[in-house]
Amino acid sequence: YVDTPQDVHPPHCHLSPPPASPNCSRCTCSTMGHHGNVREELHWTGLSVERPLASPRRFPCCCRSANIANTLVKAIADAPNAVTLGIASRSIESAKRWGAERAVPKAYGSYRALAFVLAVSLSRHSQQLKNPPWRAEEMLEDDEIDAVYIPLPTSLHLEWVVKTAQAGKHVLVEKPDAVNSAELETMLAACAKNKVQFMDSVMWMHNSRNGPLKAAIDSLGATRRVVSSFTFAGGPDFFKDNIRVRNDGTGDPLGCLGDLGWYNTRACLFAMGYKKPKWASAHAHANAAGVSMALTATLGYDDCLCSFDCGFETFGRNWLEVAGDTGVINVTGFTSGGPGKDNNSFVVTRGGAGGGEEVVQTDQSLSNQARMVEHFSKIVLSGESALEPRWARISLMTQQVVDALQTSWQQDGKKILL
């Protein structure tokens with residue numbers, strides 16, 4: 001994959017409704033969507049985090065193209081405990097040029113650095129660097145780097161998460177976390193053994209509304225239904241050769257289930273207090289490679305049914321509904337959020353005497369992505385005692401449910417017990 005940069009389309013991070021044209025198979029992408037055909041060079045950014053009155057730490061990120069690196073650099077600049085450290089590319093000249101335009105002090109041009117497709121670093125400011133800038137070296141062997149963000153195709157996560165953990169670097173990985181639970185368990189074991197933090201890049205998990213949202217869910221009595229939708233229209237070029245429609249060892253074989261349904265699955269688990277469902281069932285449209293293009297799913301609990309649809313075949317939809325005994329909650333754009341109250345709101349409709357509709361707004365000064373970087377960096381900077389194993393547990397439960405849904409749709413909707 002890294003030797004064939006003609007298709008450098010990264011997983012869609014879906015922080016907002018998708019743009020009009022997510023169809024490019026060779027493009028620069030940001031975490032907000034797809035923005036047209038541009039240069040073929042791959043870029044990897046390294047970002048740094050500083051600890052006040054103490055030695056700083058570094059967090060590298062691997063990115064597949066210029067715009068996603070630009071978005072990440074902005075998010076890290078917005079986070080109060082991070083600065084940009086370096087950029088890696090298949091070409092050291094390209095890395096130097098990109099970094100010079102953005103005052104990024106370090107560049108990497110080696111093959112192993114390139115195999116990372118986005119590196120963000122928690123490191124010191126450029127004037128404090130012990131080594132001269134613009135050197136080509138392998139990121140995992142750089143002792144100025146403390147953590148790595150890995151948004152490689154899912155089929156490459158196992159290799160690079162394990163290598164990153166074995167190098168003693170903390171791991172922020174793009175979803176879906178792995179091809180299956182067995183791979184993820186190997187990744188998590190490597191992180192635990194090497195005492196490094198594991199977190200997946202589900203950015204809405206860091207939105208300020210989540211606390212009030214869960215409190216509102218719990219206030220409605222027993223949760224009876226959780227329903228969500230997350231879709232965008234791919235288009236002919238997308239369906240022809242996008243990473244997310246490939247199952248050849250260089251793409252994302254979970255298709256729309258991994259790319260979009262990961263968010264829906266996490267939303268269901270969030271609403272249910274991270275209780276694992278008892279069974280799962282799904283039906284899907286799949287392409288000739290056996291990759292899901294559109295999918296409907298049902299997750300069964302004793303007293304609740306959760307359902308969602310996700311896919312690349314329809315106009316963009318992004319919403320969540322949670323219904324309980326005494327009311328219902330609606331969230332428009334449940335994966336999105338950012339500065340300002342209007343971007344982080346939800347609506348609670350209650351029945352009975354004194355009921356009615358209430359708009360709940362929460363404010364935040366940073367984007368979800370910057371809040372995620374800030375939180376991850378805080379963990380890394382705080383040392384081994386501050387590691388948060390809950391992120392690994394949540395990721396594994398999400399992966400197990402996704403595995404069951406994948407098995408179900410491949411068996412014509414068979415109910416899979418969890």
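**Entry 1: Thr335**

I began with the side chains of Thr335 and Asn318, which are joined by a polar contact of 2.8 Å; a polar contact here is a pair of N or O atoms within 3.5 Å, where within protein one must be able to donate a hydrogen and the other to accept it, and residues adjacent in sequence count only if both atoms are side-chain atoms. I kept in mind that this is a predicted model, in which local features need pLDDT of at least 70 and side-chain atom pairs count only at pLDDT 80 or more, while totals for chains, interfaces and linings use all residues. Residues are numbered from 1 along each chain as its sequence is written, and side-chain values use heavy atoms, with hydrogens and water left out.

I then looked up where Thr335 sits, and found it in the loop between strand 15 and strand 16; helices (H or I, at least four residues) and strands (E, at least two) are DSSP runs, numbered from the N terminus. Thr335 counts as buried because its relative accessibility is 0%, where buried means under 20% relative accessible area, exposed over 50% and partly exposed in between (1.4 Å probe, protein chains only).

**Entry 2**

On one pairing, strand 14 and strand 15 run antiparallel and are joined by five bridges, with a hairpin through two residues connecting them and Val322 standing opposite Ile329. Strand 15 also runs antiparallel to strand 16, through four bridges, and there Gly327 stands opposite Arg350. Strands are taken to pair if DSSP finds at least two bridges between them.

**Entry 3: helix 6**

Which residues of helix 6 are buried? I noted Asn210, Leu213, Ala216 and Ile217, within a helix that covers residues 210-218. Seen down the axis, these buried residues fall within an arc of 125 degrees, so they line one face of helix 6; the arc is that of the directions from the helix axis to the C-beta atoms. They pack against strand 10 (223-233), helix 9 (261-271), strand 14 (313-324), strand 15 (327-332) and strand 16 (345-350), contact meaning heavy atoms within 4.5 Å.

**Entry 4: cores**

I looked up the largest nonpolar core, which has 62 residues, and Cys306 and Ile329 are among those with the most contacts inside it; such a core is a set of buried Ala, Val, Leu, Ile, Met, Phe, Trp, Tyr and Cys residues joined through side-chain atoms within 4.5 Å. Leaving aside neighbours within four places in sequence, Cys306 is in contact with residues including Val226, Cys268 and Met272. A second, separate core of 24 residues includes Val161, Met187, Ala392 and Leu396.

**Entry 5: helix 11 and backbone details**

I checked helix 11 (residues 390-410) and found it mostly covered, 16 of its 21 residues being buried. Just after helix 11, Asp412 takes a positive phi of about 55 degrees.

Lys195 also has a positive phi of about 55 degrees, although it is not a glycine, and is partly exposed at 46% relative accessible area. Finally, I noted a cis peptide bond between Lys175 and Pro176, with omega about -10 degrees; Pro176 is in the loop between strand 8 (170-173) and helix 5 (181-193).
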